[in-house]
Amino acid sequence: MKPTYNPSKIKHKRTHGFFARMSSPTGQNLISRRRRKGRKRLTA
(Lines give C-alpha, C1' and ligand atoms only; values in the text may rest on other atoms or scores of the structure.)
Protein backbone atom coordinates (compact mmCIF):
# COMPACT_ATOMS: atom_id res chain seq x y z
CA MET A 1 0.00 0.00 0.00
CA LYS A 2 1.09 3.53 -0.71
CA PRO A 3 0.64 6.42 1.72
CA THR A 4 -2.60 8.34 1.21
CA TYR A 5 -0.97 11.72 1.74
CA ASN A 6 1.32 12.55 -1.18
CA PRO A 7 2.27 16.21 -0.78
CA SER A 8 3.09 18.22 -3.90
CA LYS A 9 5.21 21.32 -3.30
CA ILE A 10 4.04 22.97 -6.54
CA LYS A 11 0.34 22.49 -5.72
CA HIS A 12 0.88 23.80 -2.19
CA LYS A 13 2.71 26.89 -3.44
CA ARG A 14 0.05 27.63 -6.04
CA THR A 15 -2.79 27.48 -3.54
CA HIS A 16 -1.16 28.82 -0.37
CA GLY A 17 1.90 30.71 -1.67
CA PHE A 18 2.66 34.41 -1.59
CA PHE A 19 1.50 35.16 -5.14
CA ALA A 20 -1.74 33.26 -4.59
CA ARG A 21 -2.40 35.35 -1.47
CA MET A 22 -1.56 38.65 -3.14
CA SER A 23 -3.87 37.93 -6.09
CA SER A 24 -7.03 38.59 -4.02
CA PRO A 25 -7.92 41.53 -1.73
CA THR A 26 -8.65 39.19 1.20
CA GLY A 27 -5.29 37.53 0.72
CA GLN A 28 -3.62 40.94 0.77
CA ASN A 29 -5.41 41.69 4.05
CA LEU A 30 -4.15 38.38 5.43
CA ILE A 31 -0.55 39.21 4.48
CA SER A 32 -0.80 42.67 6.05
CA ARG A 33 -2.31 41.18 9.23
CA ARG A 34 0.58 38.75 9.53
CA ARG A 35 3.08 41.58 8.90
CA ARG A 36 1.45 43.67 11.65
CA LYS A 37 1.57 40.73 14.06
CA GLY A 38 5.28 40.35 13.28
CA ARG A 39 5.20 36.86 11.81
CA LYS A 40 8.54 35.51 10.66
CA ARG A 41 6.89 33.52 7.86
CA LEU A 42 4.04 35.23 6.03
CA THR A 43 3.01 32.30 3.84
CA ALA A 44 3.41 28.55 4.05
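Good morning. I begin with Met 22, which is found in helix α2, residues 18–22. Please bear in mind throughout that this is a predicted model. At 30% relative accessibility, Met 22 counts as partly exposed, because that class lies between the buried limit of 20% and the exposed limit of 50%.

Met 22 also takes part in a feature of the surface. Together with Phe 18 and Phe 19, Met 22 makes a nonpolar surface patch of about 320 Å². How exposed are Phe 18 and Phe 19? Phe 18, at 32% relative accessibility, counts as partly exposed. Phe 19, by contrast, is exposed, with a relative accessible area of 74%.

The structure holds 1 aromatic pair. The pair is formed by Phe 18 and Phe 19, whose ring centres are 6.0 Å apart. Their planes stand at 85 degrees, so the pair is edge-to-face; the cut-off for that class is over 60 degrees.

The secondary structure comes to 3 helices and 0 strands, and from the N terminus on the elements run α-α-α. The C-alpha atoms fill a box of roughly 45 × 20 × 10 Å, taken along the principal axes. Of the 44 residues in the chain, 11% are buried. The accessible surface comes to about 4400 Å², and carbon and sulfur atoms account for 56% of that surface.

Does its length agree or disagree with what 1.5 Å a residue would give? The 13 residues of α3 should span 18 Å, and the end C-alpha atoms are 18 Å apart, so the two values agree. After α3 comes Gly 38, with a positive phi near 90 degrees.

As a general point, an α-helix has 3.6 residues a turn, so residues three or four places apart point the same way. Towards the other end of the numbering, Leu 42 and His 12 are 30 residues apart in sequence, and their C-alpha atoms are 14 Å apart in space.

Thank you for your attention.

Notes
Residues numbered from 1 in each chain as written. Predicted model: local features only at pLDDT ≥ 70, side-chain atom pairs only at ≥ 80, totals over all residues. Heavy atoms only, no water. Patch = residues over 30% accessible without salt bridge, like charges linked within 9 Å, V, L, I, M, F, W, Y side chains within 5 Å. Areas by Shrake-Rupley, 256 points an atom, 1.4 Å probe, with all protein chains shown as cover. Salt bridge = Lys/Arg side-chain N within 4 Å of Asp/Glu carboxyl O. Helix = DSSP H or I, 4+ residues; strand = E, 2+ residues; numbered from the N terminus. Buried < 20%, exposed > 50% of the residue type's maximum accessible area, 1.4 Å probe, protein only. Phe/Tyr/Trp six-rings, centres within 6.5 Å; stacked < 30°, edge-to-face > 60°. Expected span 1.5 Å × (residues − 1).
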